Every structure is written in C-alpha cells, then in structure tokens.
Amino acid sequence: MTSPADIPDLSNLWMPFTANRQFKEQPRLLAKARGMYYTTVDGKQVLDGTAGLWCVNAGHGRSEIIDAISRQAAELDYAPSFQLGHSDSFRAATAVTRMMPAGMDRIFFTNSGSESVDTALKIALAYHRARGEGQRTRLIGRERGYHGVGFGGISVGGISPNRKAFSGALLPGVDHLPHTHDLSRNAHTRGQPAWGEHLADELERIVALHDASTIAAVIVEPLAGSTGVLVPPKGYLEKLRAITEKHGILLIFDEVITAFGRLGAATASEYFGVTPDLMSLAKGISNASVPAGAVAVKREVHDTILGAAANGIEFFHGYTYSAHPLATAAILATLEIYEREQLFQRARALSAKFEDAAHQLEEARHVIDVRNLGMVAGIELAPRDGAPGARAAEVFRKCFDQGIMLRYTGDILAISPPLIIEESQIEEIFGKIGAVLQATA
Ligand SMILES: Cc1ncc(COP(=O)(O)O)c(C=O)c1O
C-alpha cells in the first residue's frame with residue numbers, strides 16, 4: 001500500500017473498470033517504469049507480469065520511442081487527417097502492413113481497441129452494402145468475448161456485467177456463438193485444447209436460423225484474453241474460417257492483445273495460419289506509449305467500398321486523432337524495435353519455458369486450471385463460497401505488495417509479460433504466485 005504522504009486528492013477521478021471505493025481506501029500508485037519494472041510512488045519496484053494491460057510488449061521507457069515522440073511533438077504536434085495528411089501516417093500504415101498476413105494491406109487508424117472494433121464492424125456493414133447486399137446487417141460475436149466498450153463492442157461482446165446496465169441500448173440483430181471453455185474436458189491443457197473444435201459448428205446453426213443473407217460478420221478474439229485467457233481448441237478457428245467463407249460472411253479477428261508478438265508471431269492469424277478479412281489492432285502497435293489503434297483490412301474489402309462510391313468521401317467514419325502524429329511516430333519506432341530485436345521470435349523461443357513455469361502451479365493451493373499459449377497464461381482458482389472473484393482479488397493485491405503485477409478477471413489470474421522478460425523473471429513471477437496462493441485462504 002502506498003504511504004499517505006505520497007497520495008494526492010483521489011476524489012475527483014472516476015477510475016475505469018475499477019472498484020473505486022476500495023482502491024481509494026488502499027491506493028496503488030505507479031510513478032515510473034523502465035524495462036520490466038514499475039516503481040510505485042513510494043519507491044517500490046514491481047515486476048510487470050502483464051505488460052501494463054497486455055500492451056507494453058517491448059518493455060517500458062524505450063528511448064527510441066521516447067525520442068521519436070519528442071521529435072515529432074516539436075516538429076508537427078498535430079495534423080488533421082480529414083482531407084489532409086502527413087507523411088508518417090502513410091509510412092506507419094506501410095510498416096503495420098509488413099506485419100500483417102498477405103493481402104491485409106489497407107490500414108485505418110484509430111486511437112484504441114474499442115474504436116478499432118467499432119470501426120471494423122462498420123467496415124463490414126459498409127462492405128456488404130457496397131456489394132449490393134445491404135440487408136447483411138447481423139453481427140455474430142461470442143459468449144465471454146471482450147471487444148472493448150463502444151456500443152458495437154459491448155453488443156458483440158459476451159461478458160454480462162459489461163452489457164447488463166446498457167442492455168436496452170445494445171445493437172439489434174446480434175447473436176453469439178458459445179464460448180469454448182470447459183474445464184471438465186480441458187483442464188491443465190498445455191497450448192491448444194484437443195476438445196472443442198465442434199463448437200464452431202454452432203455457427204452453422206446460427207446461419208440456419210437467421211439465413212446467411214442477413215449476416216455481415218463474425219467477430220472473435222483468436223485467443224480470448226480479458227475474459228480470462230481462453231485458448232482456441234485445435235481446428236476451431238480453421239472451421240470458423242471455412243464456414244464464414246462458405247456463406248460470404250466476413251471474419252473479424254479482434255487481435256487487440258494478440259497482435260505484435262504475444263503468441264510468438266506478428267499476429268495470432270499468422271500463428272494459427274488462419275487469415276481473417278479484418279483485424280482490429282491496438283495496444284502493442286505503439287508499445288502503449290501513445291494511445292493508438294488500427295484496423296487491417298483485406299484489400300478486396302477496401303477496394304469494394306471505395307469502388308462503390310461515385311466520388312467524394314467513400315467511408316463516412318474517422319476520428320480527430322486518427323493517425324495522430326505522436327501515435328504514428330510511436331508506431332514507427334515501436335515496429336522498428338520489434339523487427340530489430342526480433343522480439344516475436346524471442347517470445348516464441350521463451351514460450352516453452354513460460355509454459356513449464358506456469359504449469360508448475362497445477363498442484364498449487366486453490367488452482368483448478370492452468371492454461372497457456374505463447375506468452376500468455378491463465379491460472380483459474382476455485383472461487384470462495386458466496387464470494388466469486390474475492391480470492392483472485394486478494395492474490396492480485398498480495399502479489400502487488402510482493403512486487404509482482406498481475407491481472408485478474410473473476411477468479412482467473414492472467415500473466416502476459418513484456419516480451420523482453422528474462423527466464424529468471426518468469427520463474428520469479430510464477431514462484432511468487434505459488435507462495436501467495438499457499439498463504440491465501
Ligand atoms: C480483444 C480486445 N478488444 C478490444 C479491447 C479494447 O481496447 P481499448 O481498451 O484500447 O479500447 C481490448 C482491451 O483489452 C481487448 O482485449
């Protein structure tokens with residue numbers, strides 16, 4: 001806990017996705033970050049086990065990115081991106097394209113994952129309309145999916161607390177695939193579970209119910225992160241791809257956390273060998289140094305929308321800060337680091353070590369599942385009677401006090417460190433989690 005002398009007035013800030021009252025009674029305030037570590041306002045070092053919020057893939061305080069942002073701020077602080085441009089926005093789009101699967105080479109810039117998701121959904125609708133199939137408006141998400149907090153994203157998302165208060169205002173015409181989580185079959189799987197491919201067939205059922213001619217797109221996270229690390233069963237994504245293709249439905253991969261190295265490849269799409277039509281990106285795109293996001297679009301989708309517009313603006317959508325000069329400077333510097341330091345390959349090489357360290361906790365107190373892929377691990381705890389989430393919340397707080405930063409969702413701990421992590425730090429993270437679990441009721 002932070003000492004009172006270091007704490008400002010906390011009352012005015014309404015914190016996002018936070019138990020505000022609890023936090024303000026026991027604040028945890030970060031002051032600095034370098035490499036693998038945060039430093040709190042009272043000088044404590046905390047090993048970053050979550051790359052911030054799944055976003056600081058190259059580690060904190062990278063001087064190349066800081067320099068690029070500083071130079072850009074001094075040179076061109078802002079440029080409107082409607083009917084005007086600046087060179088780095090085009091260079092950044094080209095640089096992103098180099099990391100995308102072949103053919104996904106049209107890039108639309110946003111400022112966050114939520115904006116990327118809503119942008120991708122709108123592109124899907126615009127595409128079908130441009131093809132003369134404007135009746136294709138239905139969007140299919142998945143239970144337990146997290147696609148940010150815009151109205152589009154929460155409508156296709158499948159996390160009920162995120163939807164409940166807004167249920168009357170969700171998009172109409174949305175359906176959901178079942179999620180793929182089943183501990184009775186898949187507990188303690190290393191990598192992709194063998195059971196669950198058939199759950200993609202549920203899409204055929206949904207298509208039969210609504211008719212393909214009404215469905216615009218299916219959106220899934222290739223690996224679901226925020227809901228508590230759900231690894232796709234073997235063959236599942238391939239099947240979703242085949243069914244969507246068969247019915248002329250666009251497939252959107254929400255790669256906000258998986259792109260830029262998390263699985264040991266540039267994208268989950270590359271890792272699984274399954275190419276969607278649209279991909280939402282954010283987080284690692286700028287190493288989180290400046291808010292930034294993007295949608296990668298198959299050229300054919302882009303060309304169809306542009307081709308259908310007589311002249312003038314082809315797609316009535318965009319943000320004041322799309323391709324903000326600071327964001328594009330950060331993106332260019334970040335992607336250069338990923339390439340120069342071969343960080344995705346590094347992540348792939350470390351994955352086996354990471355998997356072994358995570359699965360050492362299979363027998364630890366309270367643990368009912370350990371699952372992992374690439375540089376992501378989920379540790380599911382048995383919930384306390386009548387107090388779901390309380391045990392993981394306590395573990396999170398105790399780990400923080402012992403110098404390890406984790407995430408938790410319900411009773412699932414998530415670990416997703418920067419890709420620069422050393423093997424000894426991997427051991428430290430899982431070792432400390434084990435000790436905290438042992439000391440937790
Ligand atoms: C898969 C996915 N999509 C969208 C988002 C939303 O991103 P943002 O918080 O930048 O809006 C997140 C955030 O964690 C995410 O994990």
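1. Secondary structure and overall form. The protein chain of this predicted model contains 16 helices and 15 strands. Its radius of gyration is 22 Å, close to the 22 Å that the globule rule gives for 441 residues, so the chain is as compact as a globular protein of that length. The C-alpha trace spans about 65 × 55 × 45 Å along its principal axes.

2. Burial and contacts. Of the 441 residues in the protein chain, 49% are buried. Among contacts in the chain with a separation of 6 or more, 72% are between residues 24 or more positions apart.

3. Ligand shell. There are 14 residues around the ligand, and Ser112, Gly113, Ser114, Gly148 and Val256 come nearest. Helix 5 (residues 113-130) supplies three residues, the largest share of the shell. By residue class, the shell divides into seven polar, five nonpolar and two charged residues.

4. Strand 4. This strand covers residues 106-110, and five of its five residues are buried. Arg106, Phe108 and Thr110 point one way from strand 4, while Ile107 and Phe109 point the other way; both groups are buried. Please note that Arg106 is on the buried list as well.

5. Partner of strand 4. Strand 4 pairs with strand 10 (residues 293-297) in the antiparallel sense, over five bridges.

6. Four strands form an open sheet with antiparallel pairing, in the order 11-12-15-14. Which strands stand at the edges? They are strand 11 (367-373) and strand 14 (407-409); each has a single partner strand, so one side of each is left without a neighbour in the sheet. From one strand to the next, the twist averages 20°.

7. Strand 11 and strand 12 (residues 376-381) pair in the antiparallel sense over six bridges.

Terms used
Residues are numbered from 1 along each chain as its sequence is written. This is a predicted model: local features need pLDDT of at least 70, side-chain atom pairs count only at pLDDT 80 or more; totals for chains, interfaces and linings use all residues. Helices (H or I, at least four residues) and strands (E, at least two) are DSSP runs, numbered from the N terminus. The radius of gyration is taken over C-alpha atoms; the globule rule is 2.2 Å times the number of residues to the power 0.38. A residue is buried if 20 or more other C-beta atoms lie within 10 Å of its own, exposed if 12 or fewer, and partly exposed in between; C-beta atoms are placed from the backbone. Two residues are in contact if their C-beta atoms, placed from the backbone, lie within 7 Å. A residue is near a molecule or strand if its C-beta atom, placed from the backbone, lies within 6 Å of it. Ala, Val, Leu, Ile, Met, Phe, Trp, Tyr, Cys and Pro count as nonpolar, Asp, Glu, Lys and Arg as charged, and the others, Gly among them, as polar. Two strands pair if DSSP finds at least two bridges between them. Axes are lines fitted to C-alpha atoms, for helices over the stretch in contact, and angles run from 0 to 180 degrees between N-to-C directions.
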